[in-house]
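Q: Got a model open here and want a quick tour. Can you walk me through it?

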Amino acid sequence: MTGPFQIVRKTVFFYRENFLDCLLFGFLSQMVSIVGMMLSPHSRLSALPNLSSEWLSENVGQVVTLGMTWIFWAVLNLWLYLLIAAAIAKLVWKRTKNEEAQVVSASLSAFEQGGPLLWANMLTAFIIGSAAFCASILFLLQRAAANTPGGGLILSLLLLACMSGVVFLCLKFSLVTPIVLLEGKKGRDALNRSWFLMTGRESDAFFLFAFLFAILLLFGVLMGFLRGGELNTTVNPDAATFSMIENIIGIVIAPLFPIGITYFYQDIVAHEKKF
């Protein structure tokens, strides 16, 4: 059984050996993000005036149209991100088995599973989102009862338990995408399979994702440095330069999570076959 740090080493090694292909997938991922931001109605939603009852009653159609359009673009962006992550997973799976695999063939294979990928991940998002919603309600109640003797403490403990549950669910369902892609399971079967495979490996997954998030955090600190904030007020590139640097960093780091998750899944399945 491979530990999380060995998985990270494999991830970095694969990234280095397939650098151009990884950059291509990172570029596609970043383009999805940029185009989604350009075409989504988010800016129009945020520009709406104060949503008084009178204004809403007079502009119900506009609000509903913008809301439905936002949902459409959110689902489309999720689907495209899933296709890119699945294509990376397929490429990793094939090449680690010394099988012939190209970017185009991996992408086509992922596209064939586009529907099941979206459905399984939307189920996952609904479950995790429901738990996160409960956590947000508890947070608001905890803030309101902060000065209440005993009540604030109880709500704080419940909030901590609920937030831990959100993290736990994220770990348990983290293998849904490679399971749909590589095992052909769909919907609830994919979620149940991920839950089963992750049993006993939650701590490994936690440290693996924590390490990958640490890499993202380092790049975040770098971006803060380049913004010329508190870290360094002498460096302050113009908006175009900063946007270009931000996009380059996004391209570089985008493939890391799909590669790491695929290696993690591969290790769990290999261990399972031994027994």
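A: Start with H9, which is mostly covered: six of its eight residues are buried. Keep in mind that the model is predicted.

Q: Which residues of H9 are buried?
A: Val 176, Thr 177, Pro 178, Ile 179, Val 180 and Leu 181.

Q: What follows H9?
A: Gly 184 does, and its phi is positive, near 75 degrees.

Q: At what angle do H9 and H10 pack?
A: About 115 degrees, with the axes 9 Å apart. H9 covers residues 176–183 and H10 covers residues 187–198.

Q: Is the crossing of H9 and H10 left-handed or right-handed?
A: Right-handed.

Q: Which residues make that contact?
A: On H9, Val 176, Ile 179, Val 180 and Glu 183. On H10, Ala 190, Leu 191, Arg 193, Ser 194 and Leu 197.

Q: How do the residues of the contact of H9 with H10 divide?
A: Six are nonpolar, one is polar and two are charged. Val 176, Ile 179 and Val 180 take part in the contact, and they are also on the buried list for H9.

Q: New topic: aromatics. How many aromatic pairs does a search of the whole structure find?
A: It finds 10. One of interest is Phe 168 with Trp 195: the ring centres are 5.7 Å apart and the planes are at 85 degrees, so this pair is edge-to-face.

Q: Where do Phe 168 and Trp 195 lie?
A: Phe 168 is in helix H8, residues 151–172, and Trp 195 is in helix H10. The pair therefore ties together parts that are 27 residues apart in sequence.

Q: Which helices do Phe 209 and Phe 257 lie in?
A: Phe 209 is in H11, residues 202–226, and Phe 257 is in H13, residues 256–273. That pair ties together parts 48 residues apart in sequence.

Q: Phe 209 and Phe 257: buried or exposed?
A: Phe 209 is buried, and so is Phe 257.

Q: Where does the charged end of Lys 97 sit?
A: Over the ring of Trp 93, 4.6 Å from the ring centre.

Q: Zooming out, what does the secondary structure of the chain come to?
A: There are 13 helices and zero strands.

Q: How many of the 275 residues count as buried?
A: The figure is 40% of the chain.

Q: And the contacts between residues at least 6 apart in sequence: what share joins residues at least 24 apart?
A: That share is 72%.

Q: How many residues apart along the chain are Val 12 and Leu 256?
A: They are 244 residues apart, yet their C-alpha atoms are separated by 8.0 Å.

Q: Where is Val 12 found?
A: In helix H1, residues 4–17. Val 12 has 49% relative accessibility, so it counts as partly exposed. The cut-off for exposed is over 50%.

Methods: Residues numbered from 1 in each chain as written. Predicted model: local features only at pLDDT ≥ 70, side-chain atom pairs only at ≥ 80, totals over all residues. Heavy atoms only, no water. Axes fitted to C-alpha atoms, helices over the stretch in contact; angles between N-to-C directions. Helix = DSSP H or I, 4+ residues; strand = E, 2+ residues; numbered from the N terminus. Left-handed = near helix turned anticlockwise from the far one by under 90°. Contact = heavy atoms within 4.5 Å. Nonpolar A, V, L, I, M, F, W, Y, C, P; charged D, E, K, R; others polar. Phe/Tyr/Trp six-rings, centres within 6.5 Å; stacked < 30°, edge-to-face > 60°. Buried < 20%, exposed > 50% of the residue type's maximum accessible area, 1.4 Å probe, protein only. Lys NZ or Arg CZ within 6 Å of the ring centre and 35° of its normal.
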